[in-house]
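Please examine the sequence and the structure shown here before reading on.

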Amino acid sequence: MTVAEALLDKQEIFPPPEAFAAAAAIPGMAAYRTLMAEAERDYEGFWARLARETLSWKKPFAKVLDETAAPFYKWFEDGRLNASYNSLDRHVEAGHGNRVAIIFEADNGAVTRVTYRDLLLQVCRFANALKKRGIKKGDRVVIYMPMSIEGIAAMQACARIGATHSVVFGGFSSKALHERIVDVGAVAVITADEQVRGGKVLPLKQIVDEALAMEGCDAVQSVIVYRRTGGNIPWVAGRDLWMHELTRGESDSCEPEWVSAEHPLFILYTSGSTGKPKGVQHSTGGYLLWAAQTMKWTFDWKPGDIFWCTADIGWVTGHSYIAYGPLVLGGTQVVFEGVPTYPNAGRFWEMIARHRVSVFYTAPTAIRSLVKTSELDPNTRPTAYDLSSLRLLGTVGEPISPQTWRWYYDQVGGGRCPVVDTWWQTETGGHMIAPMPGATPLVPGSCTLPLPGIMAAIVDETGQEEPNGQGGLLVIKRPWPAMLRTVWGDPERFRKSYFPEELGGHLYLAGDGATRDKDTGYFTITGRIDDVLNVSGHRLGTMEIESALVANPLVAEAAVVSRPDELTGEAIVAFVVLKRQGPGDGDARQLADELRAWVGKEIGPIAKPKDIRFGENLPKTRSGKIMRRLLRSIAKEEGITQDVSTLENPAILSQLGKSY
Ligand code: WT7
């Protein structure tokens, strides 16, 4: 259903509950419009005010925005601060040392609570230990860890000493990890012996060793290992150190390194349209401001809230809404090691009830899978649990269908809780388009309106703004403090990908298509406009998967597209040409499994193609261009309606009809 249709059907608009609005940070559309107007009237003044109110500065900034090297914008550059001080010390200094910062629930259900004071001491000891290993301001540290208090403490410890962290998701393979370690030039890797999820053990340290055995990792001097399971692991004397031994006897005070607001807090790799992932570089001041400000606005965060974001620290959501945002505000949050379906699909609801979670943030793909399992097993239905503590729900990562939205709203939120559908990206640092839950009337399937200060628009291929009611390219018209600063080591790629000349060179191009409702101006995201796939809310480049496939000695050529999937949103479909003759049926099945396993090793299990189709060639035009539109039709099994007269080799279409 489109927004316009939805608006006709009055049932599908959900104004904020009155009591919610009355107590909200933005208590109505008038308040929202006032903020927007403030930003429009005095853009720099608006951001300066927020930066002063939300963060603690060691040295206040005098200059707000520096546009001289646009699009390499700088924010608050002459101000100095420390992210870890803002996350921890200032709450202890304000007398909140005994407040619980993290309620950690392990895969097996064991619960550990850590207060702000204890987390600060832990971070200080670890920061001192890192310094003892020679790690200093500006060094890059790769973190390859499970969801844990220690993982968050590792990020905070890097921030404390001015080292730039680069967290790699624990589901990435040794090759993918290696590529990131080399590209970022890491001097240390922080990991765990093993990771436990859904009752299964994954050998993280062993994967780190495999990565470091590959070429180009000589800069890595230290591998620091958090003992999670005590399982047997390989060990390299001199290089490898146990976290608990390294920190033993370290002082539990550590003066923060006061850095410029522009100092790189972290680099996080994400997929683009080439085979090589991009190291998205974020700042300290602008990034931290937005992580905290969006907690206040989108999540309407208040003291007393129990916040739970189910993302992994390996993704940007886990940076902004676990490792930084909630801590910068002094909030209490749940951190979960496991998966939503273990020991059964009621785990999320059970945990919300156990910890009295009030604000819950998860991905549409998780909701879809829980809709399905709850149909099969009534004991795992959200309505079988006491979810009365919830007051707000959020989603992120991919479009949410109106049906899934309704289930979330009715079954999980009991029809009481606003649902905030938050559109943003690794590059944007925090929420960009999302409802303000005390103000914005909700329309299922739409992420509604930009946050105050965010100047979003839809333009055509030449950068011309489209009127409401029209679809096009989603852009942001003005720089904002939390935007990425560059692509690590590749400023030209930054400029070309995000500020393309075709659009005039001054618009931030998100890479998503979107439409705006004619009457309300509400945004609806229609999906990526580039060769980037979204599988279970994870971003993957088609080229990345194609490069992985052609690296296999049996594969001559490969093309990857996606098709819609009920559970994962998009599913990966690979078209493969073998070097030898095409396989018979039995062989093909086995070969497809081998190639899936191969991609799992090259990138990670999330990148395994769901369908593989073999052919003696790929459908190409006479000039040799792969006809991707045709491949997408084949992948969807929807019958070919395109003109195939320009096809060089029509005979191969019949071969590609079978999927393994
Ligand atoms: C891409 C960014 C943002 C944190 C998680 C993903 C898609 C994200 C939504 C949403 C529709 C969404 C976009 C975007 N996306 N949120 N609410 N509705 N699509 O971060 O890996 O950088 O991916 O995810 O396509 O460009 P990411």
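## Terms and basis

A residue counts as buried when its relative accessible area is under 20%, as exposed when that area is over 50%, and as partly exposed in between, with a 1.4 Å probe and protein chains only. Helices (H or I, at least four residues) and strands (E, at least two) are DSSP runs, numbered from the N terminus.

This is a predicted model, in which local features need pLDDT of at least 70 and side-chain atom pairs count only at pLDDT 80 or more, while totals for chains, interfaces and linings use all residues. Residues are numbered from 1 along each chain as its sequence is written, and side-chain values use heavy atoms, with hydrogens and water left out.

## Helix α5

In α5, the buried residues are Ala83, Ser84, Tyr85, Asn86, Ser87, Leu88, Asp89, Arg90, His91 and Val92. Because ten of its 14 residues are buried, α5 is largely enclosed by the rest of the structure. Its buried residues pack against α4 (43-54), β3 (80-81), α6 (116-132), α7 (149-161), α11 (285-297) and α12 (316-328), where contact means heavy atoms within 4.5 Å.

Helix α5 spans residues 83-96 and bends by about 35° at Asp89; the bend at a residue is the angle between axes fitted to the seven residues ending there and the seven starting there. At the start of α5, a side-chain oxygen of Asn82 comes within 2.8 Å of the backbone nitrogen of Ser84.

## Helices α11 and α12

The axes of α11 and α12 approach within 8 Å and cross at roughly 80°. These axes are lines fitted to C-alpha atoms, for helices over the stretch in contact, and angles run from 0 to 180 degrees between N-to-C directions. The two helices, α11 and α12, are therefore roughly perpendicular to each other (65 to 115 degrees).

From α11, Tyr287, Leu288, Ala291, Ala292, Thr294 and Met295 meet His319, Ser320, Tyr321, Tyr324, Gly325, Pro326 and Val328 of α12.

## Cysteines

The whole structure contains zero disulfides, a disulfide being a pair of cysteine sulfur atoms within 2.5 Å. Cys447 is in no disulfide, and the nearest cysteine sulfur, that of Cys309, is 18 Å away. Cys447 is buried, with a relative accessible area of 2%.

For Cys217, the closest cysteine sulfur belongs to Cys158 and is 17 Å away, too far for a bond. Cys217 counts as buried at 7% relative accessibility.

## Thr448

Thr448 sits in the loop between β20 (419-422) and β21 (456-459). With 1% relative accessibility, Thr448 counts as buried. Leaving aside residues up to four places away in sequence, Thr448 touches Ile433, Ala434, Pro435, Thr440, Pro441, Gly521, Tyr522 and Phe523.

Technical notes
A polar contact is a pair of N or O atoms within 3.5 Å; within protein, one must be able to donate a hydrogen and the other to accept it, and residues adjacent in sequence count only if both atoms are side-chain atoms. Angles under 35 degrees count as roughly parallel, over 145 as roughly antiparallel, 65 to 115 as roughly perpendicular and the rest as oblique.
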